[in-house]
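Here are my notes for you. Keep the model open while you read, and check each point against it.

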Amino acid sequence: MHDLFLRLTALVLLGTLASCVSPAPRGETQYLEAFGAGAVPHSALYNQDLVSYWDGDGMAGAPSIVIDISDQKAYFYKGGSLAGVSALSTGDEKHGTIQGNFKVIQKDQWHKSNLYGDFVDGAGNVVVANIDITKDKAPPGTRFEGSKMHHFMRFSGGTGMHEGFLPGYPASHGCVRMPGHMAAIFFNNVSAGTPVTVRP
C-alpha cells in the first residue's frame, strides 16, 4: 500500500511538472497527448492504467457498454455478464459528456477530429497547439491537423469512445477517452446498434 501511495504521489508531481512545457514537436497534437513527447520524463507511472482488463474473448452474448462518469470506467458486458473494464477520461467541467441511453451509430478505426487539433506548417511542425477550429484562425502558411481519435465508436452526435490520453481525471471535450489497447478491444467487440449507457 505504501508503494502504491508513492507511485500515485509521483504521478501527481509528474503531471504538475509537465504542465509547464514548451510547444509540441513535429506532427504531435496536444488535444489527446496533453504534453509534448520530448517534455515528458521517461516513467512507468506516466499515463499508467491500473484498472483495465479484458476477459471476454471466450464469452458469448449480445454486447453492451455502461460508462460510469463518477468512477471514470467503462464496463463491457456480453449477454449481461461482465467481460471487461476500461479506465476512462470523460468530459471536463466545460465540456461534459452527455448522459443517457444510446447505441453505437458509427465505427471509424482511423478517425480524426474535425474540431480540435493543431495548426501545422508544410513540414508538419506544430505552429499553434490545442486549437478549436470554430474559434481559432489559422496563421498564414499553416493548415489544420485534427487530433487522432483512433478506434472511434460514435454514440451521440459528435460524441464517442476512442483512444486518447488519460490524465486520471475528466479532461476531454466531451468524448470518452480510453487506453489504446482497450479502445481497440471495445471497437472489435461492438457493432452498430450496441447499447451504450452513460450514467453520472
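1. Start with Asn-130. Asn-130 lies in strand β8, residues 126-132. Strands here are DSSP runs of E with at least two residues, and helices are runs of H or I with at least four; both are numbered from the N terminus. Phi of Asn-130 is near 60 degrees, a positive value in a residue that is not glycine. Why point this out? Most residues other than glycine have a negative phi.

2. A word on the source. This is a predicted model, in which local features need pLDDT of at least 70, side-chain atom pairs count only at pLDDT 80 or more, and totals for chains, interfaces and linings use all residues. Residues are numbered from 1 along each chain as its sequence is written, and side-chain values use heavy atoms, with hydrogens and water left out.

3. Now look at His-151. Phi of His-151 is near 55 degrees, again positive in a residue other than glycine. His-151 sits in the loop between β9 and β10 (152-156). Is His-151 buried or exposed? His-151 counts as buried, at 11% relative accessibility. The cut-offs: buried is under 20% relative accessible area, exposed is over 50%, and partly exposed is in between (1.4 Å probe, protein chains only).

4. Next, salt bridges. How many does a search of the whole structure find? The search finds three. A salt bridge here is a side-chain nitrogen of Lys or Arg within 4 Å of a carboxyl oxygen of Asp or Glu.

5. Take Asp-68 and Arg-199. Their side chains form a salt bridge, 2.7 Å from N to O. The pair links distant parts of the chain: Asp-68 is in strand β2 (residues 63-68), Arg-199 is in strand β13 (residues 195-199), and they are 131 residues apart. Asp-68 is buried, with a relative accessible area of 8%. Arg-199 is partly exposed, at 35%.

6. Move to Lys-112 and Glu-145. Their closest N and O atoms are 2.6 Å apart, in a salt bridge. Lys-112 belongs to strand β7 (residues 112-120) and Glu-145 to strand β9 (residues 143-148), so this pair ties together parts 33 residues apart in sequence. Lys-112 is partly exposed at 38% relative accessibility. Glu-145 is partly exposed too, at 21%.

7. Stay with Glu-145. Its side chain also meets that of Arg-143 in a salt bridge, 2.7 Å from N to O. Arg-143 is partly exposed, with a relative accessible area of 40%. Through shared partners, salt bridges join Lys-112, Arg-143 and Glu-145 into one network.
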